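Please examine the sequence and the structure before reading on.

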Amino acid sequence: LTALPPIAAPAPQILGSPSVADDTFLKVRGGGWILFQSGSVVIGDPSMGGGATVLDLQDTLNQDDSAISPIGSIAVAIPAIDILIEAGFLGSYTYDGTTTQAISFDGTTYTGNTTTENNYDIYELNALYELTEISIFKIHIGGGVRFFDVESEITGTISGSTQTENESLFLPIPVAMAAARADLGPNFFVQGRIAGIYAGDYGSVLDGSLEVGWDFFRNAGLFAGYRVMAAESEAFDVEVDLTLGGPYAGVEFRL
């Protein structure tokens with residue numbers, strides 16, 4: 001009798017399955033970010049007339065602690081070299097406050113009922129390389145730049161008359177980045193990112209996010225997450241020490 005061949009063991013199953021969004025090369029996102037602020041600013045030199053110099057955004061200026069803005073980004077994948085290039089607008093946020101404390105702003109003391117406004121426009125540019133793909137996990141490393149366009153305005157009393165003054169700062173800070181993504185089935189994913197650098201008085205930033213997403217099909221999906229950015233700079237007339245963070249959500253379209 002001819003012996004029967006051995007029964008082959010079933011092939012091991014790879015956890016999860018490829019994402020329906022795999023092999024897309026263009027990604028466009030739009031959504032909104034609720035951004036909570038904390039920290040302080042110093043505007044110019046201290047005033048000879050006294051007044052608070054380090055302006056805590058809540059304790060001194062009584063500013064709003066939250067604002068909301070549209071956000072958006074565009075990303076292009078280059079599969080031949082496993083590179084992803086992203087450009088994003090992270091929103092424009094305005095925070096207002098009123099205080100009766102004496103304020104030192106750019107060498108001048110403001111008194112009386114003083115109103116202040118801080119505005120932040122935030123942008124990012126990233127280049128990420130896919131370092132490895134293991135089962136459902138993808139790991140990326142790379143770098144980028146965070147751009148902070150900061151404007152501070154004050155209206156208050158100087159020697160009995162009401163005056164308004166503003167100062168601005170445009171601060172680009174380069175960062176190193178790492179990212180990880182897990183595709184938990186064809187439609188659901190979780191991903192995290194961390195970026196940062198320390199460059200002395202010029203500036204430092206730490207930027208981290210955690211996100212989940214659901215893809216309806218290859219060309220569209222939803223995402224939601226939480227992102228925190230801590231930024232500091234002491235090299236310019238506007239010195240900032242900010243922590244900005246909050247939840248965001250939106251929709252992504254792909255080709």
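## Basis of the description

Strands are DSSP runs of E with at least two residues, numbered from the N terminus. The model described here is predicted.

## Residues with positive phi

Most residues other than glycine have a negative phi. Asp23 is not a glycine, yet its phi is positive, at about 70°. This residue is found in the segment before β1 (26-43). Asp23 has a relative accessibility of 70% and therefore counts as exposed, the cut-off for that class being over 50%.

Ser135, likewise not a glycine, has a positive phi of about 55°. Ser135 is placed in the loop between β6 (108-134) and β7 (137-158). Because its relative accessible area is 41%, Ser135 is partly exposed.

## The largest cavity

Rolling a probe the size of a water molecule over the atoms shows where empty space is left. For this model, the count comes to 2 cavities of 30 Å³ or more. The largest cavity has a volume of about 40 Å³.

Which residues line the largest cavity? The lining consists of Val41, Ile43, Leu55, Leu61, Gln63, Ile103, Phe105, Thr116, Asn118, Ser152, Glu153 and Ile154. At least two lining residues come from each of β1, β5 (103-105), β6 and β7. Of the elements, β7 gives the most to this lining, with 3 residues. By class, the lining of the largest cavity has 7 nonpolar, 4 polar and 1 charged residues.

## The second largest cavity

The second largest cavity holds about 30 Å³ of space. Its lining is made up of Phe148, Val150, Leu169, Leu171, Ala231, Val240 and Leu242. The elements that give two or more residues to this lining are β7, β8 (161-183) and β12 (238-254).

How many nonpolar, polar and charged residues does the lining of the second largest cavity have? It has 7 nonpolar residues, with no polar and no charged residues.

## Summary

Strand β7 supplies at least two residues to the lining of the largest cavity, and β7 also gives two or more residues to the lining of the second largest cavity. The lining of the largest cavity includes polar and charged residues, whereas that of the second largest cavity has no polar and no charged residues. As for the backbone, Asp23 has a positive phi and lies in the segment before β1, while Ser135 has a positive phi and lies in the loop between β6 and β7.

Methods:
Residues numbered from 1 in each chain as written. Predicted model: local features only at pLDDT ≥ 70, side-chain atom pairs only at ≥ 80, totals over all residues. Heavy atoms only, no water. Helix = DSSP H or I, 4+ residues; strand = E, 2+ residues; numbered from the N terminus. Buried < 20%, exposed > 50% of the residue type's maximum accessible area, 1.4 Å probe, protein only. 1 Å grid on protein atoms, 1.4 Å probe; cavity = no way out; pocket = protein on both sides within 12 Å on 5 of 7 lines; lining within 4 Å. Points joined across faces, edges and corners; volume = space filled by probe spheres on them. Nonpolar A, V, L, I, M, F, W, Y, C, P; charged D, E, K, R; others polar.
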